[in-house]
Amino acid sequence: MACLLVTGGAGFIGANFVHYWMNEYPADRVIVLDALTYAGNIQNLAPVNDKSNFRFVHGDIGDTKLVESLLRTENVDTLVHFAAESHVDRSIAGPDAFLETNIMGTHSLLKAARQVWMTEGLNPQNHRFHHVSTDEVFGELTPEEPAFTEKTAYAPNSPYSASKAASDFLVRAYHHTYGLNVTTSNCSNNYGPYHFPEKLIPLVTLNILHGKTLPVYGDGSNVRDWLYVEDHAYGIDLVLKKGKLGETYNIGGVNEWKNIDIVRLICRLVEEKFATDESLKTRFPDCPASRGEANDSLISFVTDRPGHDFRYAIDTTYIRDELGYKPKVTFEEGIRKTLDWYLDNEDWWRAVMDGSYQDWINTNYAQMSR
Ligand SMILES: NC(=O)c1ccc[n+]([C@@H]2O[C@H](COP(=O)([O-])OP(=O)(O)OC[C@H]3O[C@@H](n4cnc5c(N)ncnc54)[C@H](O)[C@@H]3O)[C@@H](O)[C@H]2O)c1
């Protein structure tokens, strides 16, 4: 039986990973350590919170002593590190938190892991530190350039990607210098349930439902490679089970879309939903589709983000050939599942968007932490 410490497990990808893992490996114990920043949401863990092999700990990855004590008392053998400041726009407005969490926070975890697993000898051989990173560390591609491979030189362009690049290098250094058992994955853009509504796909979905403007940066031609979040969890699973120590693996959907095309696609899928489900017109009267109008009338092109990377694309040859990885969910299927999830989970996104969630944390947090 394994015991996992999952940092950032109350965030979008971390929570999906916890659900995936507890479903696939019900005998394993999972501890989530999360500071519950604005992006963390304990409701994302509601489906597992009552399980006896799950524990939520409210805390900061920068608290090295807390992490050391969790590794010792829970006899953790696997640390999967998702916790981060993750929104590029926020990193442009205020980079400090990104350096603190993504660089210093990652270093705090590495120090704790080395101390407990190696220096104290709790688990000198069979431990694993898996670091979750992003394709944004590679910088940007022109339309003609080949996709990023594991050998592509790092060229981060935003404070977010620079902080993630620094954390990747620290993880690498702890392997080469101290022999810590590490792996790293660099993944493309994720989408799916529990995605915080400041990111493109949920933002567009919810703005359409409310008849609000759909802001699209520049002319909308920037390209991203989209992966259903459960397929990211599956890729990490393969790296944990079969990956080579000290290695990095690119995970992606081989599924490139221009931003404007994604926005238009969601407009169309929402129209289809409204055409087949009359109750949506009552629930969302401000949606153009409620009046039989085109949702894409809401699109508004806005001034481009400073330093906006033009294109990201991941070459998944290595993880496919070495570990047999292939995404299981097609984009057509994944985007429909995502839209259905947002329509079925109105309470979740309303709580996140109206801020009442933070009040809820302050009053209820003590009961949820155990
Ligand atoms: N979202 C994507 O498309 C994407 C793609 C590739 C890689 N990644 C990486 O995956 C990871 C997770 O991304 P996400 O989109 O789920 O992010 P998110 O912003 O939704 O979640 C981050 C989580 O980390 C927690 N956290 C932040 N600072 C913390 C701290 N100091 N101590 C403990 N917990 C803290 C937050 O409370 C939150 O629950 C990040 O490392 C990100 O760089 C994200």
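Guide: Helix α8 lies across β9 and β11, running at about 85 degrees to β11. The angle is taken between N-to-C directions, on a scale from 0 to 180 degrees, with axes fitted to C-alpha atoms, for helices over the stretch in contact. Helices (H or I, at least four residues) and strands (E, at least two) are DSSP runs numbered from the N terminus. This is a predicted model, in which local features need pLDDT of at least 70 and side-chain atom pairs count only at pLDDT 80 or more, while totals for chains, interfaces and linings use all residues. Residues are numbered from 1 along each chain as its sequence is written.

Visitor: Why is E271 called partly exposed?

Guide: A residue is buried if 20 or more other C-beta atoms, placed from the backbone, lie within 10 Å of its own, exposed if 12 or fewer, and partly exposed in between. E271 has 18 C-beta neighbours inside 10 Å, and therefore counts as partly exposed. E271 is placed in helix α8 (residues 259–276).

Visitor: What is E271 in contact with, leaving aside its neighbours within four places in sequence?

Guide: E271 is in contact with A289 and N295; contact requires C-beta atoms, placed from the backbone, within 7 Å. The C-alpha atoms of E271 and D296 are 9.9 Å apart, although 25 residues separate the two along the chain.

Visitor: How do you know that the span of helix α7 agrees with its number of residues?

Guide: The expected span is 1.5 Å times one less than the number of residues. Helix α7 (residues 229–242) has 14 residues and should therefore span 20 Å; its end C-alpha atoms are 20 Å apart, which agrees. Among the buried residues of α7 are V229, H232, I236 and V239.

Visitor: What makes β7 and β11 edge strands?

Guide: Two strands pair if DSSP finds at least two bridges between them. The open sheet has 3 strands in the order β7-β9-β11, with mixed pairing. β7 and β11 (256–258) each pair on one side only, and are the edge strands.

Visitor: How many bridges join β9 to β11?

Guide: There are 3 bridges between strand β9 (residues 223–228) and β11, and the two run antiparallel. V223 stands opposite K258 in β11.

Visitor: Which residues come nearest to the ligand?

Guide: G8, G11, A39, G40 and A84 come nearest, of the 29 residues around the ligand. A residue is near if its C-beta atom, placed from the backbone, lies within 6 Å of the molecule. The largest share of this shell, 3 residues, comes from α1.

Note on methods
Two residues are in contact if their C-beta atoms, placed from the backbone, lie within 7 Å.
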